[in-house]
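Colleague: I would like to learn how to read this structure feature by feature. Could you walk me through it?

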Amino acid sequence: FASASRTSQPPSAIRFGQRPNPRACPACQGLRSWPRKGEMACHCRCPSVWPSHAYLCWLTKVNTPPVRIITATLVFHTVFMGVNTLIDGRTDSRLAWLFLGSATICVLPVVVPKVCGQRPQLQIAVYLLAAALYCVSNLAVIVLSGDLAYRMRGSAFVTYGTKAVPAILGIPLIPSGWFILGSLLLDAAIMEVSGRLHGDPSYLRMHLTNSSIALMWFGIAWLASSRMHLIFNAQGALAAEKKLMESIIDMLCDAVVWLSEDSALVLHADLRLHQMLGRSLVGEYLGAALPEEEQQRLKDCLARAKMEPAQLPTTLLTSKGQKIPVELFIVANRDVKTTGQASTVPAFLVGLRVASEQQGMETFQEVSIRREHRALLEQSQAALEAGSPLPILIDDMRSTMSPVQSVPQSIPETTGTGRVFEQVDVRRRQLPDIAEQQEKSVTTSDALEKVKVLGQQEHWLLSARDLNLDDASVLGEGSFGRVLGSWLHGSAVAVKTLKHRSDRKTASDLASISNEIRILRHVRHPNVVLFHGACVEPTKGRMLLVVEQVRGPELFDYITSHSGDRDARCRLQLLLDVACALRFLHAQDPKVVHGDLKCSNVLVEPAMPRAKLVDFGLSRLVTRNTLPMGGTLTWAPPENIVRSSEHVPRPSADVFCFGRLAFAIIACKKPLQGIRQRVIVEMAKKRATPMLIWPVDKPLKSECMQLCEKALCFTPENRPSMTEL
């Protein structure tokens, strides 16, 4: 702290329970005291003197059971003494009311924290205040009593009993010292008052005895506070080690399960495991999620794990009967003893990892060969064996092949205007099977020039001079570019522009914007962002997409701020808005598939509220030459994750994403939170999907669960259409 700036806050501003400075000494981790004038050194104090907020929270939590027991004992004692005094007519009735008042004071440490909240400084202050008031009330009883023996016994009880409170509760040193000093001064005052009212003796040795007792309890309180700090630090170190171990296990495994020693009962399990299996295993046996033939292997592996860590390759069964190959890594807690509480103490830590393909082995997708092609290959092989020339050329074979073998004949061809936009996509210009590339190569500037001519013909081409672009008014930013707020002839608009990157990346991003223009220029729907036009500058290689500016938050931000039961109707309306938008897109000819439906691609106008679909960069028109779809892994359907040779964009992909979106809107949380991407991919390869964990009490839960069960079907053909939904 030699170069640290001095603080201007005086030491008098430090109150009990606060640190003198939030920063800690890097050498000993002690708390920094306030420097003296002209001094910049670091002075570390004992943590028992200047306790941290975390320590005070832990201390009040530990003291909750003892405080309740002490409170119940004192309340019973004081109520009994008060009732006994009322029955006994020989004593002053004021003593009975003082006893009952003491009983009321004893309840303060239990009642006040519940009313004022769990603030540790307040709770400790209430503890000491209640003890002080109880001491005052008892001393008042002693003064008013006419019995000398009772006064002497009562004084001894207050002298010894109240000063022990800080030591019993482990109160920090400074408040303990002030409390004991106040109690000592109160003892001296009561002795003087009793001497004047009743003539009781008051000698110097009595005051010295009380002082020595107070000093003794102060030392015991110091010892207790230091011991509590040692326990707190030890628990903190254990908690830190546990967190580190859990973070390491979380890196290596996809889920974690704690088992008891009694027949592998699941005591605690990851939420990720619940999502993988579609149900909770807490309170059940782990063997219930395994096939019958694997249960005995699990018992044998648990027995081996008591000697050394064990590994078990096995299979888990989901709630729908799907099999997921996994590897179990089992470590036993050897300190667990077989007692009556063994069933509630974790005895095994099980890390679960979804089995994947063998690393280093490249897998190839199988491609189905049509019957006529197989016949051509057999003829060619026979001709080669006979030494004759090939009867069929490769060009002849290509002429018999359709562009996409698995595409039905009902899917329309790409139109001429569609090919104009496809030429912007460098990925398509590299495909040898595209007919346009057999004629000549098309550069990006040439493709943009054709798009510009098309925009003039269709009257959606805009001039960059009409847009007041400001780089500071950023509405959003992604990996490909930014969305800027601007004005178009007095109307607020959003302009999507690209970042300055390498040529290949820029060309790929241009294809994304051109794809949006291709789709949005013919789409008009209240729940789809309105397309105003685009600026195309072929010489600069730049395209600007201009759409309406939706003044509202993203969908997930809106539903988290409106997650109450009273807002369920508004959330349902947003779900209906998205459904109407998808139904409209799927009804077009050719059909439009959004391809990346998720919460961040739905904006909400909060006034109505109304949802609007945005970001059509990954959308597809369902034609014969359509490229495969992408999307976000946690939202994408399994057929997009595990692509095959027969994979083509279908509206059923949007239906699957709509099911995940419905869960997010009704449950007010994102789907598959905590599930690793590798687990999602491996489960998709095994023809399984992680299950959704629904909250217990949410409106429209049962209806939405039925909808999601249909929409999230693994097989695309079995999913309902948006019209049916």
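Colleague: What is the strand order in the open sheet of 5 strands?

Modeller: The order reads β4-β3-β7-β6-β5, and the pairing is antiparallel. At the edges stand β4 (266-269) and β5 (310-317); each has a single partner strand, so one side of each is left without a neighbour in the sheet. On average, neighbouring strands here are turned by 30 degrees against each other, direction ignored.

Colleague: Which helix packs on the sheet?

Modeller: Helix α10, residues 292-305, does that, touching β3, β5, β6 (323-332) and β7 (346-354). The direction of α10 makes about 155 degrees with that of β5.

Colleague: Now to helices against helices. How are two packed helices described?

Modeller: In general, one gives the angle between the two axes and the distance between those axes. Take helix α4 (residues 120-144) and helix α5 (residues 148-161): their axes come within 9 Å and cross at roughly 165 degrees. An angle over 145 counts as roughly antiparallel, and α4 and α5 are therefore roughly antiparallel to each other. Their crossing is left-handed.

Colleague: Which residues make the contact of α4 and α5?

Modeller: From α4 come Y134, C135, N138, L139, V141 and I142, while α5 supplies Y150, R151, G154, S155, F157 and V158. Sorted by class, this contact of α4 with α5 has 8 nonpolar, 3 polar and 1 charged residues.

Colleague: At what angle do the axes of α18 and α20 cross?

Modeller: Helix α18 (residues 568-586) and helix α20 (residues 651-667) have axes that cross at roughly 175 degrees and come within 10 Å. That makes α18 roughly antiparallel to α20. On the α18 side the contact is made by R571, L575, V578, A579, L582 and H586; on the α20 side by P651, D654, F658, L661, A662, I665 and I666. By class, the contact of α18 with α20 has 10 nonpolar, 1 polar and 2 charged residues.

Colleague: Let us turn to the backbone. Are most peptide bonds cis or trans?

Modeller: Most are trans, and most residues other than glycine have a negative phi. With that in mind, look at the bond from D589 to P590, which is cis with omega near 5 degrees. P590 sits in the loop between α18 and β13 (592-593). Another cis peptide bond joins M608 and P609, where omega is about -10 degrees. P609 belongs to the loop between β14 (602-605) and β15 (610-613).

Colleague: Finally, how should I read the coordinates where pLDDT is low?

Modeller: Where confidence is low, the predicted coordinates should not be read in detail. In this model the protein chain averages a pLDDT of 76, and 75% of the residues score at least 70. Over residues 1-50 the pLDDT is below 50, and this stretch has 65 contacts in the model beyond near neighbours in sequence. Residues 429-441 also have a pLDDT below 50, with 15 contacts beyond near neighbours in sequence.

Technical notes: Residues numbered from 1 in each chain as written. Predicted model: local features only at pLDDT ≥ 70, side-chain atom pairs only at ≥ 80, totals over all residues. Heavy atoms only, no water. pLDDT = per-residue confidence, 0-100. Contact = heavy atoms within 4.5 Å. Axes fitted to C-alpha atoms, helices over the stretch in contact; angles between N-to-C directions. Helix = DSSP H or I, 4+ residues; strand = E, 2+ residues; numbered from the N terminus. Parallel < 35°, antiparallel > 145°, perpendicular 65-115°, else oblique. Left-handed = near helix turned anticlockwise from the far one by under 90°. Nonpolar A, V, L, I, M, F, W, Y, C, P; charged D, E, K, R; others polar. Pairing = 2+ DSSP bridges.
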